[in-house]
Amino acid sequence: MNTCLFCQLVAGEIPSNKVYEDDHVLAFHDIRPQAPVHILIIPKRHIESAQAVTPEDRETLGYLHSIIPNIASDAGVAEDGYRLVANIGRHGQQTVPHLHYHLLGGRQLGWPPG
């Protein structure tokens, strides 16, 4: 997926401010933060959105979710709490067609969000 922005980040073709990386997951600071802490967490393997998840993605996404607590702890938001958001499709405001989670925290977040 050489035209996918996040795949280009994974390939190192575009720089990012990484906070976590291993063989399966990349996490980096959002370039337009909406909270004091705004980290994007993506699977390195291209999955278009949560709507495109298949049974073959279980292991990858289970692993991704298992490291979110560590990313939140390292960012200093685990104790007070944070929000984890996945936008799906045009009406959900998904702007990059690669599954990603927004980890938002560092302040009291409002509800409802939309």
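Leucine 84 sits in strand 4, where strands (E, at least two residues) and helices (H or I, at least four) are DSSP runs numbered from the N terminus. This is a predicted model, so local features need pLDDT of at least 70 and side-chain atom pairs count only at pLDDT 80 or more, while totals for chains, interfaces and linings use all residues. Residues are numbered from 1 along each chain as its sequence is written, and side-chain values use heavy atoms, with hydrogens and water left out.

- Leucine 84 is partly exposed, with a relative accessible area of 34%; the cut-offs are under 20% for buried and over 50% for exposed, with partly exposed in between (1.4 Å probe, protein chains only).
- Leucine 84 and leucine 40 are 44 residues apart along the chain, and their C-alpha atoms are separated by 9.5 Å.
- Glycine 89 is in the loop between strand 4 (82-85) and strand 5 (101-105), and at a relative accessible area of 30% glycine 89 counts as partly exposed.
- From glycine 89 to glutamate 21 it's 68 residues in sequence and 26 Å in space, C-alpha to C-alpha.
- Glutamine 93 belongs to the loop between strand 4 and strand 5, and has a positive phi of about 70° although it is not a glycine.
- Glutamine 93 is exposed, at 56% relative accessible area.

**The largest pocket**

- The largest pocket has a volume of about 730 Å³, that being the space filled by probe spheres set on the grid points, which are joined across faces, edges and corners.
- Helix 1 (5-10), strand 2 (25-29), strand 3 (37-43), strand 4 and strand 5 each put at least two residues into the lining of the largest pocket, with helix 1 giving the most, at three residues.
- By class, that lining has 14 nonpolar, 11 polar and four charged residues; Ala, Val, Leu, Ile, Met, Phe, Trp, Tyr, Cys and Pro count as nonpolar, Asp, Glu, Lys and Arg as charged, and the others, Gly among them, as polar.

**Helix 2**

- Helix 2 (residues 58-75) has 18 residues and spans 26 Å from its first C-alpha to its last, close to the 26 Å expected at 1.5 Å a residue; the expected span is 1.5 Å times one less than the number of residues.
- Helix 2 has a kink of about 30° at isoleucine 67, shortly before proline 69, the bend being the angle between axes fitted to the seven residues ending there and the seven starting there.
- Buried residues in helix 2 are Thr60, Leu61, Leu64, Ile67, Ile68, Ile71 and Ala72.

**Cysteines and a cis peptide**

- There are zero disulfides in the structure, a disulfide being a pair of cysteine sulfur atoms within 2.5 Å.
- For cysteine 4, the closest cysteine sulfur is in cysteine 7 at 3.7 Å, so the two are too far apart for a bond.
- Cysteine 4 is buried at 5% relative accessible area, and cysteine 7 is buried too, at 14%.
- Tryptophan 111 and proline 112 are joined by a cis peptide bond, with omega about 5°; proline 112 is in the segment after strand 5.

Terms used
On a 1 Å grid over the protein atoms alone, a cavity is a set of points where a 1.4 Å probe fits but cannot get out, and a pocket is an open set with protein on both sides within 12 Å along at least five of seven lines; lining residues have an atom within 4 Å of a point.
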